[in-house]
Amino acid sequence: MKIRFYPILMLLSIGLLVPLVLSSCSKSNDKTAADADVDYYTCTMHPSVHSKDPGKCPICSMDLVPVKKKGANETKVKENSGGMTDSGSSSMAMPSPHQEAGKSSEFTVPVERQQQIGVTYATATKRPIELSIRSVGMLEPDTSKMFDYVARVDGYVQELKVSSPGQDVSQGQPLITIYSPDLRSTEQELVNILNDRDRGGTSRVSNDQMIDATKRRLKLWNVSDQEIAELEKSRKPSDQLVLRSPFDGVVGEVISRPGMNVKMGDKLVSVLDLSNLWVWAEFYENEIGLLKRGQQIDVSLPAFPNQTFQGQIAVINPSIDAAKRTARVRIDIPNPKAQLRPGMYANVEVKIDGGEGLTIPVQAALPTGERMLVFLDRGQGKLLPRYVQVGRSFTTFDGQQQGSYYQVLNGLQEGDRIVASANFLIDAESQVQGALKDWEGEQPSGTPAMTEKPPNQSSNSNFNAVIKPVLDSYQRLHELLAENKFSQVAAEAETLRKEVHPLLDVDPSAKPEQYKDLVYKLHGSADRLDPNDIDQARVQFGQLSADLIAFLREFMPQLDDPLYTIKCPMWNKSPAVWLQDSTVVKNPFLGPDMPTCGTVQETLRAER
């Protein structure tokens, strides 16, 4: 019996081990197949990080995510159209950027994953474009209808006919009476000349000339024609000057008091005509082009919440406020019922009919700097990034719902279906998958563009000698910022300013106007490089770098080694690109904290 027992045990053992071995082999094969589908691992915050093995990002310590090969993704999506892996978790199709480096490419976000992150869609449609520009202002009197009575003769205030500001007055109504001995002597002189003319004692021509001169003097003292005519009839001179309202209006100020001594030039009383008022409103410089003289404007006031007043643009100030970037616009508002009063706050709105155009919801466009990004729906979870050119945004209200839209100038057609929400999450997925070019239009990370620039066309053979000190000083400044050595930045900035100046004297034989524009921008950035702290230095360095790169793209000198443009995805205080003569990243914006944060974008090299 013992002899027979051992073979049975052996058979049972083998039977148990075989499934375990087969299961282990199956898991090993699955893991190998899964690893074979992965092209590399990257960081969602730093797409420049590439690793063959999973782990942590060396920059921010986030977990690296797999970027799968394109063929493997398509197979996986077909096998699992619901977007769920065998383990039940959501799976993202991540094509490698190496496979379509030259242009924006499709990427896949499974439908179930889109539902989880709240993706909705909208359609590019044509609709009436109604622009509305709003501003605020304050009511002011029409200065052409303000009258200040000023004493034109010495004397004393004998009587005030009006006592306080705001009092209504009609045209010709007496305002103030002034006692003046000078007035009496002038009127007596006119009476004597009139009497002499009547007696025929002096030549008639001479008398007429003296009479006209005396009358003119009285008119300059605010004596009315009616009072002068009365004097000619009565021949009785007076020492009292009565000042009357020149129009219907209200009293603005009453400065004089009874018995007050007044001298020539003293202000006595002012009268305002409020039948027409002004509103001075400020509009931004990008709105001024939509305004024109004579344009109708709706004006509403908190004092009259249920009324809208009509105004008209009378003046558009030709200058722009340097600090606020606004221009003042004068709006004339009729005020026949005297409802409106100077000093009231006013809200103004200009409505402009822009015709019909192609539009998309504002939330569907993702700002990326110079352009707007949208994601086209290609069906079955496939999305295509596309840059579009948009015009002004406008708001519509149909009585129940308010919507904000962009006018699409280029990049979409009517009926195109685009992502309308969760754009930032979709953008993050496209960045990880390498499907999207960055905002500067450079090649995706990992495949920097080699851009051959035309050689400098300057007729000045010393162009290389002029530009090389600029590049050397720029590189030293870059090193100082990368190492946080702010104490030496001011001296190097002064050197850079001196080195940039000779570029103004270069006379290029080709594209002289473009050279002039670019070099003046570069010169201006160098002049503004005067920081108070290292953070300000980095902001100013970013603008300087952008202008220098723009210059070199058109006027690249002959250098022994190429230059590389590098972009930092974490910097947003100024243009986040800079130049290096090496592909080893040394970040001048983040310094020693994150020295290797950056992606090589393109290579600058002049043609030989």
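How many salt bridges does the structure hold? The count is 19, and keep in mind that this is a predicted model.

**Helix H9 against helix H10**

- Helix H9 covers residues 463-482 and helix H10 covers residues 489-500; their axes come within 9 Å and cross at roughly 160 degrees.
- Angles over 145 degrees count as roughly antiparallel, so H9 is roughly antiparallel to H10.
- The crossing of H9 past H10 is left-handed.
- On the H9 side, the contact is made by Val466, Pro469, Val470, Ser473, Tyr474, Arg476, Leu477, Leu480 and Leu481.
- H10 brings Val489, Glu492, Thr495, Leu496, Glu499 and Val500 to that contact.

**Salt bridge between Lys161 and Glu159**

- Side chains of opposite charge can pair when their charged atoms come close.
- Lys161 and Glu159 form a salt bridge, and their closest N and O atoms are 3.1 Å apart.
- Is Lys161 buried, partly exposed or exposed? Lys161 has 38% relative accessibility, so it counts as partly exposed.
- Glu159 is partly exposed too, with a relative accessible area of 38%.

**Salt bridge between Lys267 and Glu253**

- Here the side chains of Lys267 and Glu253 meet in a salt bridge at 2.8 Å, N to O.
- Lys267 sits in strand E14 (residues 267-272) and Glu253 in strand E12 (residues 249-254), so this pair ties together parts that are 14 residues apart in sequence.
- Lys267 is partly exposed at 30% relative accessibility, and Glu253 is also partly exposed, at 37%.

**Salt bridge between Asp535 and Lys573**

- The side chains of Asp535 and Lys573 meet in a salt bridge as well, at 3.1 Å from N to O.
- This one links distant parts of the chain, with the two residues 38 residues apart.
- Asp535 belongs to helix H12 (residues 534-554), while Lys573 is in the loop between strand E26 (563-567) and strand E27 (577-580).
- Both partners count as partly exposed: Asp535 has 34% relative accessibility and Lys573 has 47%.

**A salt-bridge network**

- Which residues are linked in a network of salt bridges? They are Glu479, Glu483, Lys485 and Lys586.
- Glu479 falls within helix H9, given that this helix spans residues 463-482.

Technical notes. Residues are numbered from 1 along each chain as its sequence is written. This is a predicted model: local features need pLDDT of at least 70, side-chain atom pairs count only at pLDDT 80 or more; totals for chains, interfaces and linings use all residues. Side-chain values use heavy atoms; hydrogens and water are left out. Axes are lines fitted to C-alpha atoms, for helices over the stretch in contact, and angles run from 0 to 180 degrees between N-to-C directions. Helices (H or I, at least four residues) and strands (E, at least two) are DSSP runs, numbered from the N terminus. Angles under 35 degrees count as roughly parallel, over 145 as roughly antiparallel, 65 to 115 as roughly perpendicular and the rest as oblique. A crossing is left-handed if the near helix is turned anticlockwise from the far one by less than a right angle, and right-handed if clockwise. Contact means heavy atoms within 4.5 Å. A salt bridge is a side-chain nitrogen of Lys or Arg within 4 Å of a carboxyl oxygen of Asp or Glu. Buried means under 20% relative accessible area, exposed over 50%, partly exposed in between (1.4 Å probe, protein chains only).
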